[in-house]
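These are my notebook entries, set down in the order in which I looked things up. I begin with a charge and a ring, and go on from there to rings, strands and charged pairs.

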Amino acid sequence: MSRAALVVIDVQESFRQRPMWAYASQPDIVDQVNRLVDAARRRGDLVVWVLHAEPGSGGVFDPANGHVRLIDGLAAAAGEPTLVKTSHNAFTTTSLQQVLTLAGIRDLTVCGIRTEQCVETTTRVGCDLGYEMTFVTDATVTFPTPHRDLPADATVAQILADPRTLSAEQIVTRTEYALAGRFATVRTVAEVVRHLQPGAVPAGA
């Protein structure tokens, strides 16, 4: 196994249960993630799957409701860890760092949902922990995001109509600006797939 890993964060059915899923920035997220997973497996990189759970919440992230599972079309292979977190980043409430340390991994490629939330937060924490981070923007998903003063019970229509709402495209752009050159190398799926050809050297090696 190489010293690199792909971490797939929160690409789970929970998000598809929300009305805002219709406005996802990357509706073909399953295909994009599978391209990364296939390339990582061919090179012998570790693939780690992460799910988000909020036990007892009664919502779409409550495991009792059956949505804390990978979206159809994604599946972990034998030997690929599936970790369940209760924090925004994939490190704090899981054994992710121990898994990576035991495998001798120092280079992480991350993708998943949401772009500016769990994926970005994992990227920042991973950088602070000393990992070489690659953030694959077009293998992440985010949604239009309301202004902080909009009521928490605002409908999707109200969120979309509010001129203060940030579009998914604006959020993606801001995330790339925040991470690039500071916390991660920002790449596309196509760039990462080329980089993960057998014989390619992991970033930072």
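This is a predicted model: local features need pLDDT of at least 70, side-chain atom pairs count only at pLDDT 80 or more; totals for chains, interfaces and linings use all residues.

Entry 1: Residues are numbered from 1 along each chain as its sequence is written, and side-chain values use heavy atoms, with hydrogens and water left out.

**Entry 2: the aromatic rings.** I found four aromatic pairs in the structure, where rings of Phe, Tyr and Trp (its six-membered ring) pair if their centres lie within 6.5 Å, and planes under 30 degrees apart count as stacked, over 60 as edge-to-face and the rest as tilted. One of them is F15 with F61, an edge-to-face pair at 5.2 Å centre to centre with 80° between the planes. F15 lies in helix 1 (residues 13-16) and F61 in the loop between strand 2 and strand 3, so this pair ties together parts 46 residues apart in sequence; helices (H or I, at least four residues) and strands (E, at least two) are DSSP runs, numbered from the N terminus. F61 is buried, with a relative accessible area of 6%, where buried means under 20%, exposed over 50% and partly exposed in between (1.4 Å probe, protein chains only). The rings of F91 and Y131 have their centres 5.8 Å apart and their planes at 25°, so I recorded this pair as stacked. F91 is in the loop between strand 3 and helix 3 (96-102) and Y131 in the loop between helix 4 and strand 5, 40 residues apart. Y131 counts as buried because its relative accessibility is 3%. I also listed one aromatic cluster, formed by F15, W21, F61 and F143.

**Entry 3: a buried arginine.** I then looked up R114, in the loop between strand 4 (107-113) and helix 4 (115-128). R114 has 15% relative accessibility and therefore counts as buried. Beyond its neighbours within four places in sequence, its contacts (heavy atoms within 4.5 Å) include F15, E120 and F143.

**Entry 4: charged pairs.** I noted nine salt bridges, each a side-chain nitrogen of Lys or Arg within 4 Å of a carboxyl oxygen of Asp or Glu. E120 forms one with R124, the closest N and O atoms being 2.9 Å apart. E120 and R124 are four residues apart in helix 4, and so about one helical turn separates them. E80 bridges to R41 with its closest N and O atoms 2.7 Å apart. E80 is in the loop between strand 2 (46-52) and strand 3 (82-85) and R41 in helix 2 (residues 29-43), so the pair joins parts 39 residues apart in sequence.

**Entry 5: strand 5.** Lastly I turned to strand 5 (residues 132-141), where eight of the ten residues are buried. Strand 4 and strand 5 pair in the parallel sense over six bridges, and strands pair if DSSP finds at least two bridges between them. The chain crosses from strand 4 through helix 4 to strand 5 in a right-handed β-α-β crossover, meaning that, with the strands pointing away from the viewer, the path from the first strand over the helix to the second runs clockwise.
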